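Student: Hi, I've got a new model open on my screen. Can we walk through it together?
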Amino acid sequence: MKKRKFPYAAYAAAAGLTAFMQIAAAFPALAKEQRLGPDSEEAVTTTEGTEKEYDEATLAKLQDNVLEYDELADRIHLYNTDIQKTWQDLTDNKLDAAVIQQELESQKRRMEKEKDLAEDENDTEQYAYYAAQEEALRAAKNRYIDMVEDYDKPKASKSIRVQERQLLSAAQTTMITYNTLKLQRDVQAKQTELYETEYAIAQAQVAAGTAAQTEADAAYTNLLSAQSSLLSMDASLKTLKSSLCLTVGWPADADPEIQMVSGPETDRITAMNLGTDT
């Protein structure tokens with residue numbers, strides 16, 4: 001016996017609301033539990049922020065424990081802890097959206113089968129219900145398709161790239177400052193050696209009676225001042241190196257070789273005054 005027909009619009013509204021409530025409540029949790037198949041997950045997963053972006057030779061150079069100025073951007077992109085987490089979050093969100101899209105498609109197909117069965121049985125009430133569910137699921141699925149596609153657009157990673165540029169600018173300044181201070185430290189070390197020699201000569205002259213003790217005291221004061229400056233520079237170099245290591249993804253106590261900056265940036269080092277530029 002054919003059941004009484006009810007207005008389709010009423011069923012569509014009620015069923016659509018039910019479907020969306022179920023989607024909102026169930027699918028985010030479902031995305032955490034389910035995964036895509038290996039092939040599908042590989043297709044969805046972005047390579048940005050991963051070593052897959054680079055060839056073996058480039059990776060070997062980035063990992064050789066020698067930091068060069070032109071490697072800063074790539075090391076920040078690949079190994080900075082905060083940047084890596086942000087790229088991973090972007091990938092995870094895209095995978096979650098793909099899982100939900102997959103589940104919505106599965107549910108839509110189930111509703112379509114139920115609708116066809118209701119049609120075969122001339123059950124207009126159930127037909128209207130399942131048709132509305134199918135439409136609601138199709139609409140939701142299409143939104144998640146758009147969402148997955150949006151994750152591949154530049155705007156999805158714009159904030160990450162802005163953060164990378166900010167970190168790069170800071171790292172460049174730190175590396176230039178480090179190199180400048182290292183050059184000055186080398187000069188200070190030679191100056192300290194000179195004061196050590198002068199103090200030794202002054203002590204010998206005092207012992208021989210050819211110089212006053214005040215001259216030896218003055219030489220000693222110069223030596224202490226030079227040694228103090230050298231220690232201060234060493235502490236600053238250690239701090240700068242630790243900061244630079246963290247920025248490019250090494251532990252704070254790592255000890256990579258930091259190459260001298262060459263090319264156009266050399267002029268910045270030559271012109272830098274650490275008293276006013278830092």
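Predicted model: local features only at pLDDT ≥ 70, side-chain atom pairs only at ≥ 80, totals over all residues.

Student: Which residue does Arg138 form a salt bridge with?

Tutor: Its partner is Glu135, and the closest N and O atoms of the pair are 2.5 Å apart. Both residues sit in helix H6, three residues apart, so about one helical turn separates them. Glu135 is partly exposed too, with a relative accessible area of 42%.

Student: Is Lys108 buried or exposed?

Tutor: Lys108 is buried, with a relative accessible area of 7%.

Student: How many salt bridges are there in the whole structure?

Tutor: A search of the whole structure gives 13. Another one to click on is Lys61 with Glu71, at 3.1 Å from N to O. Lys61 belongs to helix H3, while Glu71 is in the loop between S1 and helix H4 (72–79), so this pair ties together parts that are 10 residues apart in sequence.

Student: What about the accessibility of Lys61 and Glu71?

Tutor: Lys61 is partly exposed at 36% relative accessibility, whereas Glu71 is buried, with a relative accessible area of 3%.

Student: OK, switching to the surface. Which residues form the negative patch?

Tutor: Glu112, Asp116, Glu119, Asp120 and Glu121 make up that patch. Glu121 lies in the loop between helix H5 (81–120) and helix H6 (124–150).

Student: How accessible is Glu121?

Tutor: Its relative accessible area is 53%, so Glu121 counts as exposed, the cut-off being over 50%.

Student: What's going on with the phi of Asn122?

Tutor: Asn122 has a positive phi of about 55 degrees, although it is not a glycine.

Student: Where is Asn65 found, and what is its phi?

Tutor: Asn65 is in the loop between helix H3 (56–62) and strand S1 (66–67). Its phi is near 65 degrees, again a positive value in a residue other than glycine. At 37% relative accessibility, Asn65 is partly exposed.

Student: Last topic, helix H7. How far apart are its end C-alpha atoms?

Tutor: They are 74 Å apart. Helix H7 covers residues 158–208, and at 1.5 Å a residue its 51 residues should span 75 Å, so the two values agree. The expected figure is 1.5 Å times one less than the number of residues.

Student: And what comes just after H7?

Tutor: Gly209 is there, with a positive phi of about 80 degrees.

Student: Great, thanks for the tour!

Key: Residues numbered from 1 in each chain as written. Heavy atoms only, no water. Patch = residues over 30% accessible without salt bridge, like charges linked within 9 Å, V, L, I, M, F, W, Y side chains within 5 Å. Areas by Shrake-Rupley, 256 points an atom, 1.4 Å probe, with all protein chains shown as cover. Salt bridge = Lys/Arg side-chain N within 4 Å of Asp/Glu carboxyl O. Lys, Arg positive; Asp, Glu negative; His and termini not counted. Charge placed at Lys NZ, Arg CZ, Asp CG, Glu CD. Helix = DSSP H or I, 4+ residues; strand = E, 2+ residues; numbered from the N terminus. Buried < 20%, exposed > 50% of the residue type's maximum accessible area, 1.4 Å probe, protein only.
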